Amino acid sequence: MPITSKHILISRQDNIGDVILTLPMAARLKQLNPGVRITMLCRAYAAEVVRYCTDIDNVVEIERIENDLTGYLKRSDIDTVILAQPDRALAIAAFRAGIRHRIGNARQKVYQLIYCNRRVRFSKGLSENHEAQINFEFLRPYGENHIPDRTEIPSFYHFSIPADAASTEHLKPYAFNLVLHTKSNGHGREWPIESYLELAQLLASRPEVHVWLTGSKGEGEWLNENASDLVRLPNVTNISGTQTLAQLTSFINQADGLIASGTGPLHLSAAIGQRTLGLFPPTRPMHPGRWAAIGRRASNLCLAESGCDGCSRRDKMTCDCMRLITPAAVLEVVESWIADKSPTVAQ
């Protein structure tokens with residue numbers, strides 16, 4: 001029999017992109033269980049952006065409760081826990097707390113077979129679906145067997161993002177503000193920094209276009225030390241490490257477009273409806289089939305086939321597959337964005 005829930009805890013404690021790609025599942029849960037409350041359990045650094053999602057009623061940071069998971073669950077009125085990623089401690093705590101519905105993927109970890117009573121079974125590695133689609137597998141205990149098409153996923157994203165005064169001041173002098181998130185914190189195969197440099201140089205003849213470099217503090221320092229030619233261009237400003245995640249979210253939302261490889265801000269930008277371009281290699285598991293930017297104004301560039309040896313090595317920060325995505329091809333997308341925003345500016 002399909003289950004119903006009144007208060008669901010969704011646990012996703014890894015990276016920002018993974019958390020973002022879990023949110024469409026939450027929106028569908030609201031449709032399946034009218035009036036349901038949804039709490040997201042995530043890491044503190046991702047909590048700021050999750051709070052902007054209107055399908056999430058409450059956000060709990062794992063750092064605040066990890067020493068008393070069972071007690072937290074017992075004190076709550078949560079009746080369903082969805083382990084959207086394996087978590088032994090939470091699975092055991094939900095069992096001990098007597099949570100009525102404990103949903104987990106029994107193919108991932110043996111303990112989920114033991115402690116979860118509403119088991120789903122699927123393999124991410126064998127799936128042809130995108131990560132956002134795969135997450136819908138957790139809804140099978142609700143009688144939901146439909147996996148949305150990729151074109152349906154954007155309709156499941158609902159955000160309310162306030163304007164940030166500092167971002168407004170940064171952006172208002174320019175007719176078109178382009179965000180380049182050049183690094184991936186090791187989570188994606190990166191487009192070479194030389195290609196970002198060439199793109200910024202190609203845009204230098206457009207005084208109405210300004211380029212903003214975003215990233216962590218460490219990534220900003222890396223850019224200053226290793227990409228000085230890019231950072232010093234008059235049409236480029238490096239603001240890496242100067243914003244909280246909440247401020248970065250507002251900045252991206254108020255800008256006019258973002259380009260990045262497979263990293264959290266790419267998925268964030270696509271999800272909130274910003275013009276977004278993802279740059280990917282064609283090699284599993286990093287390929288766009290699994291990790292493409294999905295949003296109502298998102299697109300992706302990728303070679304049809306691998307163009308280099310050793311492309312499957314996960315420790316490579318970039319490769320020939322990424323180098324063969326030309327700045328000219330990326331510029332063509334940016335030009336279409338400029339025309340989309342203001343045909344008069346594009347001329």
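This is a predicted model: local features need pLDDT of at least 70, side-chain atom pairs count only at pLDDT 80 or more; totals for chains, interfaces and linings use all residues.
**Group meeting: cores, rings and a covered helix**

By a nonpolar core I mean a set of buried Ala, Val, Leu, Ile, Met, Phe, Trp, Tyr and Cys residues joined through side-chain atoms within 4.5 Å, and buried means under 20% relative accessible area, with exposed over 50% and partly exposed in between, using a 1.4 Å probe and protein chains only. As general background, in soluble globular proteins nonpolar side chains tend to be buried together.

Residues are numbered from 1 along each chain as its sequence is written, and side-chain values use heavy atoms, with hydrogens and water left out.

Now the overall picture. The protein has 18 helices and 12 strands, which are DSSP runs numbered from the N terminus (H or I, at least four residues, for helices; E, at least two, for strands). Its C-alpha trace spans about 65 × 45 × 35 Å along the principal axes. The radius of gyration is 21 Å, which agrees with the value near 20 Å that a compact globule of 347 residues would have; that radius is taken over C-alpha atoms, and the globule rule is 2.2 Å times the number of residues to the power 0.38. Buried residues make up 58% of the 347 residues. Among contacts with a separation of 6 or more, 62% are between residues 24 or more positions apart, where contact means heavy atoms within 4.5 Å.

Leaving aside neighbours within four places in sequence, isoleucine 10 is in contact with Thr22, Met25, Ala26, Leu29, Ile38, Thr39, Met40, Leu41, Ile82 and Ala84. Serine 11 lies in strand β1, residues 7–11, and is buried, with a relative accessible area of 0%. Not counting residues up to four places away in sequence, serine 11 touches Leu41, Ile82, Leu83, Ala84, Gln85, Asp87 and Leu90.

Next, the aromatic rings. Rings of Phe, Tyr and Trp (its six-membered ring) pair if their centres lie within 6.5 Å, and planes under 30 degrees apart count as stacked, over 60 as edge-to-face and the rest as tilted. By this rule the count comes to seven aromatic pairs. One of them is the edge-to-face pair of phenylalanine 95 and tyrosine 115, at 5.4 Å centre to centre with 65 degrees between the planes. This pair links distant parts of the chain, since phenylalanine 95 is in helix α6 (residues 88–96) and tyrosine 115 is in helix α7 (residues 110–115), 20 residues apart. Which of these two residues counts as buried? Tyrosine 115 does, because its relative accessibility is 19%, whereas phenylalanine 95 is partly exposed at 42%.

A second pair, tyrosine 157 with phenylalanine 159, is stacked, at 6.1 Å centre to centre and 25 degrees between the planes. Tyrosine 157 is buried, with a relative accessible area of 8%. Threonine 54, in the loop between α3 (44–50) and β3 (58–61), is 103 residues away from tyrosine 157 in sequence and 8.7 Å away in space, C-alpha to C-alpha. Threonine 54 counts as partly exposed at 47% relative accessibility, and, leaving aside neighbours within four places in sequence, is in contact with His158, Phe159 and Ser160.

Elsewhere, Tyr174, Trp212 and Phe251 form one aromatic cluster. The charged end of lysine 183 sits over the ring of tryptophan 222, 3.8 Å from its centre; the rule is that NZ of Lys or CZ of Arg is within 6 Å of the ring centre and within 35 degrees of the ring normal.

I will finish with helix α14. How many of the eight residues of helix α14 are buried? The count is eight of eight across residues 264–271, so this helix is described as mostly covered. The buried residues include Pro265, His267 and Ser269. Just after α14, glycine 273 takes a positive phi of about 90 degrees.
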